[in-house]
Amino acid sequence: MASPAAGPVLIVGSGLIGRSWAMLFASGGFKVNLYDIEQQQITDALEAIRKEMEQLEQLGALKGSLSAEQQLTLIAGCSDIQEAAEGAVHIQECVPENLDVKKKIFAQLDGLVGDAVVLSSSTSCLLPSKLFSGLTHVKQCIVAHPVNPPYHVPLVELVPHPETAPATVDRTHALMLRIGQTPVRLLKEVDGFALNRLQYAVISEAWRLVQEGVVSPADLDLVMSHGLGLRYAFLGPLETMHLNADGMLSYCDRYGEGITRVLKTFGPVPEFSGATARKVHQAMCAKVPDDPEHLAARRRWRDACLLRLAQLKGQLPPP
């Protein structure tokens with residue numbers, strides 16, 4: 001359990017990502033201040049957290065060594081950002097993905113904090129150089145991008161501003177490990193970070209394959225869920241290359257020419273609209289209708305699958 005002397009963590013924004021961060025920090029024994037602008041939003045968020053924690057506990061899937069009741073006592077709501085920030089050792093921003101909104105929040109926080117707190121954003125694509133520009137405490141600023149849903153997918157991308165202090169990166173990395181996440185360090189900022197650049201490359205080629213009539217949308221998804229995805233749940237693409245031959249150099253020697261040939265046929269970035277968008281939408285709706293009830297049910301199924309996968313990985317010997 002985290003020492004109470006370490007001080008609380010402030011979560012700015014009580015939506016899905018904010019609630020997930022609150023649960024993760026509480027699982028590590030940290031006191032959490034959950035801030036939002038409307039008291040009703042806070043009340044609703046605390047109730048959603050309570051229900052989810054109790055359900056996870058019933059499933060034997062609650063993280064940390066504390067009970068759900070003990071973890072819930074660590075999370076408090078607050079609608080006064082100055083009060084919520086007092087004494088915080090780490091601030092995790094989780095407001096909507098809008099540069100102006102986020103910059104306004106960080107400008108406000110910049111005027112409230114001292115030199116001992118880390119200012120962290122959950123943004124999935126906004127560059128730190130744009131997000132934290134002009135802040136007095138820029139050396140304490142970093143992006144800590146989680147993967148949705150954060151409670152079940154442990155990866156966190158740590159992306160520094162060009163002026164972020166190395167100590168800020170080290171401290172955030174250690175904190176993420178402490179609450180059971182898997183942090184990765186990006187050595188410099190790049191648009192889309194690492195995860196979304198890889199994800200968008202897959203999405204782009206998936207779209208082209210459907211658009212060009214090579215494969216149906218349903219079968220395209222099977223290529224990932226029953227093919228590449230099974231392997232990638234345990235090994236990354238580089239280690240996969242290493243194991244698929246007699247080491248990496250052997251792989252490059254055997255397959256490099258063929259990979260280059262295929263890559264040259266990929267074509268331009270597709271437009272995610274028009275006939276292909278309608279075709280994919282129709283195929284997805286045939287499997288999961290796009291009304292709120294069906295989508296919510298499918299998300300619950302997804303999260304349950306991710307939970308079981310995480311449990312399996314936890315039972316395996318260390319890689």
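Predicted model: local features only at pLDDT ≥ 70, side-chain atom pairs only at ≥ 80, totals over all residues.
In what follows, Ala, Val, Leu, Ile, Met, Phe, Trp, Tyr, Cys and Pro count as nonpolar, Asp, Glu, Lys and Arg count as charged, and the others, Gly among them, count as polar. With these classes in hand, the lining of the second largest pocket divides into 10 nonpolar, 4 polar and 7 charged residues.

The pLDDT averages 95 over the protein, and 98% of the residues score at least 70. Residues 1–5, however, have a pLDDT below 50, and in the model this stretch makes 9 contacts beyond its near neighbours in sequence.

To return to the second largest pocket, the space within this pocket comes to about 660 Å³. Its lining is made up of 21 residues, of which Glu 52, Gln 55, His 152, Arg 300 and Asp 303 are the closest to the centre of the pocket. Seen by secondary structure, helices α1 (16–27), α2 (39–58) and α13 (292–315) each contribute at least two residues to this lining, and α13 provides the largest share, with 7 residues.

Asn 196 belongs to helix α8, which covers residues 195–211. Because buried means under 20% relative accessible area, Asn 196, with a relative accessibility of 5%, counts as buried. If the neighbours within four places in sequence are set aside, Asn 196 is in contact with Ser 124 and His 145.

Key
Residues numbered from 1 in each chain as written. Heavy atoms only, no water. pLDDT = per-residue confidence, 0-100. Contact = heavy atoms within 4.5 Å. 1 Å grid on protein atoms, 1.4 Å probe; cavity = no way out; pocket = protein on both sides within 12 Å on 5 of 7 lines; lining within 4 Å. Points joined across faces, edges and corners; volume = space filled by probe spheres on them. Helix = DSSP H or I, 4+ residues; strand = E, 2+ residues; numbered from the N terminus. Buried < 20%, exposed > 50% of the residue type's maximum accessible area, 1.4 Å probe, protein only.
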